[in-house]
Amino acid sequence: EALGDSACLVVSGGTGSGKSTQIPQYIIDDFRPGYDGVAASMSEQGSVAASASEGVDEEGAGSWPWRARVVVTEPRRIAAVSLAERVAWERGEALGRSVGYSVRGDSRPPARYGAHGTLEFCTVGI
């Protein structure tokens, strides 16, 4: 519901709650791109001129004209890299397909378009 109201979502939770591994996967797996009304009202720069509530389908889920792009920030490089490797493994795919990372001095970004979207882990400075 929260993503139906906004294109940005900040998640806060305790250690081990799944905020870095589970929630991002739920978002890209359940994301529904393709609402034509929003696509028609996009400006040349790609920003959305319509409100998020206009992109709500019959079931109440938000829908946007592009695939989901989830960015997860981590405080340390090793955390970003290891989480990207773990989530790619959980999804049964190679690192760099729909899951990737960008840290200072090293980058393995996800392919531009995953089947449902992309998930990128990065450090705060990137």
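Modeller: The crossing of α2 and α4 is right-handed. This is a predicted model: local features need pLDDT of at least 70, side-chain atom pairs 80 or more, while totals for chains, interfaces and linings use all residues. Residues are numbered from 1 along each chain, and side-chain values use heavy atoms, without hydrogens and water.

Colleague: Why is α2 called oblique to α4?

Modeller: The axes of α2 (residues 22–30) and α4 (residues 77–91) cross at roughly 50 degrees and come within 11 Å. Under 35 degrees is roughly parallel, over 145 roughly antiparallel, 65 to 115 roughly perpendicular, and the rest oblique. So α2 is oblique to α4.

Colleague: Which residues of α2 and α4 meet?

Modeller: Q22, Q25, I28 and D29 in α2 meet V87, E90 and R91 in α4. Contact means heavy atoms within 4.5 Å.

Colleague: What makes β3 and β6 a pair?

Modeller: Pairing needs at least two bridges found by DSSP. β3 (residues 68–74) and β6 (residues 117–123) have seven, in the parallel sense. One of the bridges joins T73 to C122 in β6.

Colleague: Which side chains of β3 are buried?

Modeller: A68, V70, V72 and E74 point to one face and are buried. Buried means under 20% relative accessible area, with a 1.4 Å probe and protein chains only.

Technical notes. Axes fitted to C-alpha atoms, helices over the stretch in contact; angles between N-to-C directions. Helix = DSSP H or I, 4+ residues; strand = E, 2+ residues; numbered from the N terminus. Left-handed = near helix turned anticlockwise from the far one by under 90°. Buried < 20%, exposed > 50% of the residue type's maximum accessible area, 1.4 Å probe, protein only.
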